[in-house]
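Hello,

Here is the structure I said I would pass on. Please have it open while you read the notes under it.

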Amino acid sequence: MIFDHLDRPMHIIPGNLPCSYASVRDVEWEWTVEDLHATGATFLTLWGTDDRDRDDPCFAIRAAFLLPSGVVILSHKIRDLANPSYPSIAQAFPAAARMERAVRDLLGISSKTIDQRGWLRHDAWLTNAFPLRRDFNFAAQPATPQSAPYAFVQVEGDGVHEIAVGPVHAGIIEPGHFRFSVVGEKVLRLEERLGYTHKGVAKQFESLPLNEGHRLAARVSGDTCVAFSWAYCAALEAITGAGVPARARGLRALALEHERLANHLGDLGALGNDAGFAFGLTQFSKLKEDLLRANVDAFGSRYLFETIVPGGVAGDLPQPAYAHLLYFYRVLEHEVTGLRLIYDEHGGLQDRFREAGLLRHDLAVQLGAVGLAARASGIARDLRVDHPWAPYDTLATQIVTETGGDVAARVQVRFREIFESLRLCRALLADLSRNSMQPAPIRGDIPEAEGNRLGIGVIEGWRGPVMIALETGPGGTIRRCHAHDPSWQNWPLLEHAILGNIVPDFPLINKSFNLSYSGQDG
Amino acid sequence: MFNTISRMIHTGILTEPKPLPESTPTADPQHALWKILGRALCIRHVDAGSCNGCELEIHALNNPYYNLEGAGIKFVASPRHADMLLVTGPVSVNMEEALRRTYDAMPAPKLVVALGDCGACGGIFGHTYASRGGVAEIIPVDHTIPGCPPTPAAVLAGILHAITTRPA
């Protein structure tokens, strides 16, 4: 890929997708970002590192994009160590705005954005202390943080009032704060404040050895543990050139599709419930539990936190699992088909689903929506289809898109993705069972990793693309690991989708996106 | 409508027996359970910074197999209605104050159960600039349920254990 404003070829760096990397100077950073925007690139993530301990002392800000050719990473070195700053990319890619605030909170390098409010830092550590800097002193931080008020944007006018919700919500949900400005029932504005579950994942990675990092990656967002641990392992395997046995690749994909199925089943039940149809919750939560129990028989655990390990998978399917899973897929498909008919024909339910939480296609494109929510607004992007990594390169995954952009569309995408996932599961299982009689390796060796290598793992999780950017240190250590959840891109969509809807529809609309707090807070 | 009703009948009642503490006479399990609960137990859940894995298992408790509400155990929206606080996650520094306030808002006897390895000791997230570690670092904890995440059966057994062994 040649950009107009980049006069050098890009380097190839290790990754499970084709990854190219360019180190750019000041103005090139801005111009290349504009080039990328013009070519219709998808913005993946933004992160920073403290490289002041290197021969060329600097801070680096990095941005990853997805193009038809693969992942493109731009790295911009900031040599003004006293006042590190860089040009914001949020004009071209609005989803970057919150990431820039997070980078400032954690690393003290600042984009020239207008929003100077903390995002991940809620007065918990000192303003002039930056946790991701290598000289950060944990012991010097205050024992009890003082919470300062957060300046929410005020909406003024006759009859406008605010509803403050959270961080502790009324259900069994993760914490976050929503500030609604409403007139009567109608929402004029929603502002999210997140970061409550920030537990220092990026810093914690640096205390783990390379071959243990997948365990923390799995816990960035528990409902996406397979995708995150796979992304981490893919990055590590790409850096070390480790081979993953074909059988292990098949088992990984099977685990990833089971994760997608479990989350979609759970969401479909919860969406029915949030629209007052408790029957849906009962039925779908039963099916989800059946799947989790099938996971115990097949993989030895309900949520597959420990299934994917560097070099392969932790265990093979026991012999009886093949027949059990095949039977289970058949029952599940039959049940979901029946329930879909009930959902589709239920007037009250469809009345709540349709036109609620509308995210128009052009707005979704402009805001950089990714994953499931993007596909429900007509953006046909799915890594399993666009950049199929092994074993998806042999599966011919069918993309699922809807054009409605409302809750009903996000419900339909989930239904249809369940059927497609079941097709993939059957194909994967058929392949695995063909070769199940001879003992085959399921875990390859991981050669010793060189220091100072950057590797990328990108996996299409059930919400959208998750990414791990892993940088090795000397002697099998992690120098820096950036984990990115697609919720970063999609949380701001909710602020738009709710506009003009009524407050009681918020839980339904929120659930139709079902974004991760923990994944974005990190 | 016919479809919905026939599916309800077809699904039937799936509720499984509850994991009662060993000392409980099992002749009439529901009665034994009521004896422990005093007919009902109201739980307020607080996610103090978890990865959301434990939340998935708490949700599972309400599915038809575990049928928690059928046993008289209910999750409530306000700490003022709660007999028990069920806390997940390492306590993130950003959630510390919200957790304290929720605890303060509860009526006595303020039973607290810390859920999962993180709730017990901070788990893989440990003690860092952003994580205070286990729940007991911030509020008094009566019982901890280890696991990553603990299974619904383990969560239920832990909740029942916490109320049977509560100080009088």
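This is a predicted model: local features need pLDDT of at least 70, side-chain atom pairs count only at pLDDT 80 or more; totals for chains, interfaces and linings use all residues.

Chain A as a whole

Along the principal axes, its C-alpha atoms fill a box of roughly 70 × 65 × 50 Å. The chain contains 16 helices and 15 strands. Of its 522 residues, 55% count as buried. If we take the contacts in chain A with a separation of 6 or more, 67% of them are between residues 24 or more positions apart.

Domains of chain A

The domain assignment gives domain 1 (11-131), domain 2 (153-199) and domain 3 (201-436 + 443-513). The C-alpha centres of domain 2 and domain 3 of chain A lie 28 Å apart. Their contact takes 11 residues from domain 2 and nine residues from domain 3. On the domain 2 side, strand S9 (177-183) and strand S10 (186-193) of chain A are the elements that give two or more residues. S10(A) gives the most, with five residues. By class, this side of domain 2 has six nonpolar, no polar and five charged residues.

One residue to look at

A:Trp31 is found in helix H1 (residues 26-38) of chain A. Is A:Trp31 buried, exposed or partly exposed? It has 16 other C-beta atoms within 10 Å; because a residue needs 20 or more to be buried and 12 or fewer to be exposed, A:Trp31 is partly exposed. A:Trp31 and A:Arg340 are 309 residues apart in sequence, and their C-alpha atoms are 48 Å apart in space.

Contact between chains A and B

This contact takes 43 residues from chain A and 43 residues from chain B. On the side of chain B, the elements that give two or more residues are helix H1 (2-11), strand S1 (41-47), helix H3 (53-61) and helix H4 (96-105) of chain B. H3(B) gives the most to that side, with six residues. The residues on the side of chain B divide into 21 nonpolar, 17 polar and five charged.

A helix in chain B

Helix H6 (residues 152-164) of chain B has 13 residues. From first C-alpha to last, H6(B) reaches 18 Å, close to the 18 Å expected at 1.5 Å a residue. The buried residues in H6(B) are B:Pro152, B:Val155, B:Leu156, B:Gly158, B:Ile159, B:Leu160 and B:Ala162.

Regards

Key:
Residues are numbered from 1 along each chain as its sequence is written. Chains are lettered from A and ligands numbered from 1 in the order in which they are written. Two residues are in contact if their C-beta atoms, placed from the backbone, lie within 7 Å. Helices (H or I, at least four residues) and strands (E, at least two) are DSSP runs, numbered from the N terminus. Ala, Val, Leu, Ile, Met, Phe, Trp, Tyr, Cys and Pro count as nonpolar, Asp, Glu, Lys and Arg as charged, and the others, Gly among them, as polar. Domain bounds come from an automatic or database domain assignment. The expected span of a helix is 1.5 Å times one less than its number of residues.
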